[in-house]
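Please look at the sequence and the model first, and then read on.

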Amino acid sequence: MKLHSNILDWPNVPVAQVYGRLTRVNGLLLEAVGCQLGTGDRCYIECRDQHRVEAEVVGFYRDTLCLMPIEPTDGLMPGARVMPIEGRYQIPSGQGLLGRVLNGLGQPLDDLGCIKHMPHVPLQFKTTNPLLRKPIKEPLDVGIRAINALLPVGRGQRLGLFAGSGVGKSVLLGMMTRFTEADVVVVGLIGERGREVREFIDESLGEEGRKRAVVVAAPADTTPLMRMRAMRLCHQIAAAYRDQGKQVLLLVDSLTRYAQAQREIALSLGEPPATKGYPPSAFAQLPSLVEMAGNSQHPTGTLTAFYTVLTEGDDQQDPIADSARAILDGHIVLSRKLAEQGHFPAIDIAASVSRLATQVANEETLRQGQWFRHINSRYNEIRDLLPLGGYQAGHDPEMDLSVSAYPHMATFLKQPITVAADHAHSIDALTQLVNSMGYTSANTEQS
């Protein structure tokens, strides 16, 4: 028997494709059997009209894979083919991303064409040795007078904007987008209204701001997995620019929607709810996400992050708000009462704090800020008594000072959305104000 002459061609024969099949659709969760994939791996699922839906493995039970779709799942049928995708997910990176608007997959949402000829990097979290992180010592000018003077921010700091709905979080975020000194601005619009995406680009960024910005958008009508991928994507892009030596500003709206997306996935997998419907994994994801921001070992690159946190019903003890407050480097609280009075930005100075103020501001500015807070708190003690005539002047000189100085203090804290207040002018304005209120260094020692 003669062997076939081209036996050496056998290795060129294509290997058969391994397919699985869809066995169950249970709400957001898809179940499949027949292919071996690990958590985090991706696959395609064929629909009735030959359309393919991308999904990710989020868990398994015995031989059954638990999948979560990234796109809407219209047209799925029993027994639909499940095709594994080789390799880990890659995202674009580089200067060519500036000015672009992307979805959670790194695909363009704008009309500027495909993203080509750019290096791609794996979408993965990289942990940084805490001993190698560059310390935060340089102040960051955010263009907001109240923050620059009373809540100083350092390059590499991570802060939260805490407020209920409709109090001005997105407006304040837009002001910082335009006014903050940064080489690159990365904006993550996660789980918010789709209308806000176009408004943020046109009004908050503008033509000049867009040239140095990358926007990653996953509105509320996208799948939970798409929202989580968009959050990871904006952090990965910001970290890549930081490690290139850039001064990066990351703005995320909002951290609460990210936790809610994780809650939807975890509950679909059968994880029991713990606090107000949130499973334990929703709280475990937040520290690993926030630790992606901040400084790394790069000698010149920095990454400063601001996260909006929705306090439902203005409850500052909301579980996500409480967890975020513990892992961030400070929090800025917006007051609904101030917003209803037309006081914008509606920053509640008494409830806000920057944990790195002592590292980025000089001692005299800190003492002036302490005096400002003290007089402001004295006024808040009697605010409700003034319209009723319940306070009589002349009994407490410090209280009398707070009543007479409050209009000037309120003017200092207010700022039009189109006007920037740089760091130097903010400190000068604070110095002039407290000096007019009779400030001396002895005042802070007594108070």
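## Charges

Lys and Arg count as positive and Asp and Glu as negative, while His and the chain ends are not counted, and the place of a charge is taken as NZ of Lys, CZ of Arg, CG of Asp or CD of Glu. On that basis the protein chain carries 43 positive and 48 negative side chains, and 5 Å separates the centres of the two sets.

## Basis of the model

The model is predicted, with pLDDT of at least 70 needed for local features and 80 or more for side-chain atom pairs, whereas totals for chains, interfaces and linings use all residues. Residues are numbered from 1 along each chain as its sequence is written, and side-chain values use heavy atoms, leaving out hydrogens and water.

## Overall form

The protein chain has 13 helices and 18 strands, these being DSSP runs (H or I, at least four residues, for helices; E, at least two, for strands) numbered from the N terminus. Its C-alpha atoms fill a box of roughly 115 × 45 × 40 Å along the principal axes.

Of the 447 residues in the protein chain, 52% are buried, where buried means under 20% relative accessible area with a 1.4 Å probe, protein chains only.

## Helix α6

In helix α6, which spans residues 280-290, the buried residues are Ser281, Ala282, Phe283, Leu286, Leu289 and Val290. These buried residues pack against β12 (158-163), α4 (224-242), α5 (255-268), β16 (302-310) and α7 (319-327), with contact meaning heavy atoms within 4.5 Å.

Definitions and conventions: Buried < 20%, exposed > 50% of the residue type's maximum accessible area, 1.4 Å probe, protein only.
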